[in-house]
Amino acid sequence: MINLKTLVVLAVVTIPSPSIAAFGDDFESVVNALNTRSFDDKLEAASRLATMDHERVDVVLQALIDGKLYKKKGDDTVVVVVSLEGGGHQLTDAASGEDLGKVGRRGAKKISVNNKLRRQLKGLFASRQLNVDDPQARIAAVQAIINAGDVSLREILLERREVESVEDVQDAIDVAMVVFDLDSKDQATKLAAIQASADNLDSNVRMKLTAVVSDQSLDQELRDAAASSLANIEGLVERYRWIETLFFGLSLGSILVLAAIGLSITFGVMGVINMAHGELIMLGAYTTYVVQTLFPDALEYSLLIAIPAAFIVSGLVGIAIERGVIRFLYGRPLETLLATFGVSLILQQAVRSIFSPLNRAVATPEWMSGSLEIVQGLSITYNRLYIFFFALLVFATLLTILQRTRLGLEVRAVTQNRAMAQAMGIRNTRVDILTFGLGAGIAGVAGVALSQLTNVGPNLGQGYIVDSFMVVVFGGVGNLWGTLVAGLSLGVVNKVLEPAAGAVVAKILVLVFIILFIQKRPRGLFPQKGRAVES
Amino acid sequence: MFRQLTKVCAVVVLSFSATWAAADTIKVGVLHSLSGTMAISETTLKDTILMMIEEQNTAGGLLGKKLEAVVVDPASNWPLFAEKARELIEKEKVDVVFGCWTSVSRKSVLPVFEELNGLLFYPVQYEGEESSKNVFYTGAAPNQQAIPAVDYLMNEVGAERWVLAGTDYVYPRTTNKILKAYLKAKGVTDKDIMINYTPFGHADWQSIVADIKKFGSAGKKTAVVSTINGDANVPFYKELGNQGVSAEDIPVIAFSVGEEELSGIDAGPLVGHLAAWNYFMSVDAEVNDDFIDSWLEFIDDEDRVTNDPMEAHYIGFKMWVEAVKKAGTTDSSQVQDAIIGVAVPNLSGGLATMMPNHHITKPVLIGEIQDDGQFDTVWQTPGTVPGDAWSDFLPGSMDITADWQAPLSCGNYNVKSGACSGQNYE
């Protein structure tokens with residue numbers, strides 16, 4: 001419902017102030033007016049710009065939002081820049097679109113924008129996007145206008161509402177109207193808006209409702225209504241909260257599973273304590289970086305290329321470690337531990353020398369950024385969602401290999417009784433190489449996933465080695481299902497504890513819990529059975 | 001007899017090498033980690049000092065002598081810092097040392113410098129609560145970084161609810177203690193302050209970001225003051241971006257994120273978040289452009305950046321040179337006296353002056369992160385702010401002041417009791 005009185009009030013507000021005439025009416029002088037130190041003056045010029053009918057308005061506004069609008073040193077022309085490789089800028093005249101050639105790094109100075117102004121600019125820009133063909137873009141534009149909180153844009157929304165034909169966009173505009181009405185001076189409109197907001201989980205709405213509740217100067221009726229709407233919203237949020245925590249836990253758990261599952265094969269099946277496991281993960285992450293550097297144009301597919309590449313790289317390095325070091329030390333766990341620790345240091349230093357000690361920037365493809373909104377107020381981030389399913393996929397693949405293939409059969413045979421397997425004609429050496437290569441390769445694949453979540457640097461692996469051992473030991477050595485259950489449950493327990501106890505204490509509690517658990521059941525959750533184990 | 005002889009020989013050789021060194025060059029010690037976890041940050045500072053020395057030598061040296069750098073590697077190992085410091089002063093006979101990054105490394109070398117009466121220029125922002133006769137703090141004290149940052153958020157952004165998030169060690173804990181006291185003095189209640197500590201290198205920020213989001217949707221503008229260290233920042237900002245928390249909703253202001261840290265990551269998700277420093281590479285000043293040019297030429301890599309601690313070393317080095325010229329000697333005690341009041345240009349077009357408390361005057365800049373990993377200055381103090389060694393907001397240090405000029409000559413003088421409690425005041 002549109003309230004006439006509000007409209008009048010708003011109309012008064014939106015009448016342009018006389019000072020706008022100060023920078024003339026033609027497009028070029030308005031663009032030049034953007035070149036000022038004061039953010040208020042910039043906003044004024046940009047608001048004026050947004051109402052103009054000129055083909056370059058969108059280009060200039062977008063450049064300003066993106067921080068690509070500069071002034072040229074010397075004559076102060078406002079220019080749109082494209083940064084060139086190796087410093088320097090390619091300049092285009094903002095007003096005319098004329099190419100102004102290249103200048104050095106010091107030849108142009110950015111026209112700065114702060115957060116407040118950027119938010120308002122996004123609103124202004126969105127007001128020009130309301131008439132585009134894509135309904136999703138229109139909804140995004142409406143949302144940007146809500147975020148900008150600029151009442152002067154209300155009328156533009158109303159105009160659009162009259163001609164809008166897509167239902168979703170109509171709904172979005174209606175919600176926006178309610179949000180605007182929350183600030184209304186008119187009691188009845190405000191009350192209606194407050195009541196209509198009871199199931200709106202938008203954070204802007206919650207902010208405004210809280211402001212109403214705590215505003216002593218307002219009518220008691222309004223404040224009560226706001227309080228009850230707010231209580232309703234809180235109830236909804238609380239209901240989603242445990243689902244969210246569960247997902248956080250499963251996500252953390254899936255990362256633990258990914259990191260540990262390769263170790264579960266080498267440690268669990270072969271009995272090798274491989275301290276370089278973390279570095280094999282790190283190599284996988286660096287492979288992602290190399291793939292992205294080699295194919296800068298194929299960013300969206302880079303992860304798909306990186307997964308097999310990382311498997312091969314880490315797998316080969318793993319085989320090299322097995323052939324070069326570990327095979328001389330079978331049956332001597334302490335020496336294996338020390339030797340592989342040395343290998344881990346060598347790998348770290350190698351990476352430092354090749355790629356520099358600084359962290360490398362691994363970009364996130366578009367399809368892994370942002371979050372999936374299941375219902376309003378409950379959203380799950382895409383990267384973690386994909387990684388969760390990816391972990392399950394890796395687990396399933398590995399299980400199939402071990403249960404259904406010839407290699408799996410041989411691996412299980414060697415695990416149960418080395419000597420007997422050999423007597424049956426299984427070549428132990430070949431099985432050792434392939435098993436270690438498989439475990440190392442899986443670590444590399446985990447590295448690809450981790451590159452999307454954390455820093456890709458020489459120390460990446462160190463952060464995961466302890467957690468990996470923890471999961472494998474807790475789950476029961478040599479049991480893949482154990483690793484899965486242990487990883488996921490440790491993740492969930494950690495996340496349930498975290499809000500109450502804090503990140504540091506939660507981690508300590510989990511460790512204490514595992515120590516106590518191991519006292520009771522030294523073989524973990526799912527102990528292996530059989531005579532070989534007993535001996 | 002034989003032992004006696006070796007002793008004599010050693011003394012002769014030592015004194016000979018000392019006189020030879022003194023006659024020929026002035027030795028400048030560089031005490032920065034070149035390996036280990038801190039190497040990322042500290043190697044740059046070593047190169048900065050080497051560049052400054054080279055420039056000074058091209059300009060004719062100092063007191064008619066050439067400067068000579070003595071570089072040692074304390075390998076990010078705190079006790080080793082003390083050993084290397086002793087080696088620099090006793091064995092190498094350096095006249096001044098530029099070094100340290102973490103507070104714990106500074107605390108480790110402090111007794112050595114005080115015992116041997118050396119000179120240390122410390123270039124990194126720190127938690128304050130210290131003033132030594134032998135140390136010159138060219139980085140920011142809390143009142144030159146943390147307090148103005150909070151003021152900016154309060155006055156310009158309108159923040160009313162505060163999340164103080166930090167890595168669990170001494171600098172964030174002390175800074176947050178000061179900030180909490182400051183916020184309460186400004187009328188912020190306990191329920192509007194949330195404090196959160198995480199371990200070094202924390203990577204899983206899901207719950208904490210969800211908590212911040214919840215805390216921030218309670219109807220008041222919320223801001224995050226971050227003392228999160230190094231590596232942990234990237235997953236933190238990524239998680240903020242993925243959960244849809246933009247800088248426009250809940251701005252994060254960081255005290256440990258600079259150009260160098262941003263150069264290793266994809267800055268896309270960080271755009272609009274803030275940092276408070278005393279210098280940005282993007283500062284618009286001729287002297288800064290010149291510094292950047294000579295840095296890029298010295299390091300021979302167009303992609304390198306400059307940052308705040310580099311500027312601190314730039315200032316510290318220039319100040320030391322001026323003080324030595326003023327004193328006419330490199331003798332520690334005389335340089336300590338001469339340097340107070342020395343003013344040299346900083347890189348943002350102003351002047352930095354050494355105060356009697358061994359801290360310097362600095363402008364405070366608030367910048368927003370851009371997608372090229374640079375900062376855009378959105379606010380700055382009108383003039384420079386003198387560094388305050390002892391915070392005015394902590395009950396234990398309110399009444400303490402530092403003044404190394406005669407007649408006080410004390411780093412922790414209690415104005416109420418009139419007592420100087422000595423160097424080891426806690």
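Two strands count as paired if DSSP finds at least two bridges between them. With that in hand, turn to chain A of this predicted model. Strand β2(A) is joined to strand β3 (residues 89-93) of chain A by five bridges, and the two run antiparallel. Within this pair, A:Val80 stands opposite A:Thr92 in β3(A).

Strand β2 (residues 78-83) of chain A also pairs with strand β1 (residues 69-72) of chain A. Again the sense is antiparallel, here over three bridges. A:Tyr70 has A:Val79 in β2(A) as its bridge partner. What do β1(A) and β2(A) form? They form a hairpin, with five residues between the strands. In the turn, A:Gly74 has a positive phi of about 105°.

**Domains of chain A**

Chain A is divided into domain 1 (4-118), domain 2 (129-218) and domain 3 (239-366 + 387-534). How far apart do the C-alpha centres of domain 1 of chain A and domain 3 of chain A lie? The distance is 52 Å.

| Helix pair | Axes come within | Crossing angle | Hand of crossing |
|---|---|---|---|
| α12(A) and α18(A) | 6 Å | roughly 55° | right-handed |
| α19(A) and α20(A) | 8 Å | roughly 120° | right-handed |

Take α12 (residues 277-294) and α18 (residues 428-450) of chain A, whose axes cross at roughly 55°. That angle makes α12(A) oblique to α18(A). On the α12(A) side, the residues in contact include A:His277, A:Leu280, A:Ile281 and A:Met282. They belong to a group that meets residues of α18(A), among them A:Ala440, A:Ala443, A:Gly444 and A:Val445. Which classes make up this contact? It has eleven nonpolar, six polar and no charged residues.

Now take α19 (residues 462-475) of chain A and α20(A), with a crossing angle of roughly 120°. Here too the result is an oblique arrangement of α19(A) to α20(A). A:Val471, A:Val472, A:Phe474 and A:Gly475 are the α19(A) residues in this contact. In α20(A), they meet A:Gly482, A:Thr483, A:Val485, A:Ala486, A:Gly487 and A:Leu490. By class, the contact has six nonpolar, four polar and no charged residues.

**Where chain A touches chain B**

How many residues does each chain give to the contact? Chain A gives 46 residues and chain B gives 41 residues. On the side of chain A, the elements that give two or more residues are β5 (108-110), α5 (115-127), α10 (203-214), α11 (220-270), α20 (480-501) and α21 (503-520). Which element gives the most? It is α10(A), with six residues. The side of chain A that touches chain B has 13 nonpolar, 22 polar and eleven charged residues.

**The sheet in chain B**

Chain B has an open sheet of seven strands, in the order β7-β6-β8-β9-β10-β14-β15. The pairing is mixed. Which strands stand at the edges? They are β7 (193-198) and β15 (375-380) of chain B. Each has a single partner strand, so one side of each is left without a neighbour in the sheet. From one strand to the next, the twist averages 25°.

One pair in chain B is strand β8 (residues 222-227) with strand β9 (residues 252-254). These two pair in the parallel sense, over three bridges. B:Val225 stands opposite B:Ile253 in β9(B). In a regular strand, side chains alternate between the two faces of the sheet.

Note on methods. Residues are numbered from 1 along each chain as its sequence is written. Chains are lettered from A and ligands numbered from 1 in the order in which they are written. This is a predicted model: local features need pLDDT of at least 70, side-chain atom pairs count only at pLDDT 80 or more; totals for chains, interfaces and linings use all residues. Domain bounds come from an automatic or database domain assignment. Two residues are in contact if their C-beta atoms, placed from the backbone, lie within 7 Å. Helices (H or I, at least four residues) and strands (E, at least two) are DSSP runs, numbered from the N terminus. Ala, Val, Leu, Ile, Met, Phe, Trp, Tyr, Cys and Pro count as nonpolar, Asp, Glu, Lys and Arg as charged, and the others, Gly among them, as polar. Axes are lines fitted to C-alpha atoms, for helices over the stretch in contact, and angles run from 0 to 180 degrees between N-to-C directions. Angles under 35 degrees count as roughly parallel, over 145 as roughly antiparallel, 65 to 115 as roughly perpendicular and the rest as oblique. A crossing is left-handed if the near helix is turned anticlockwise from the far one by less than a right angle, and right-handed if clockwise.
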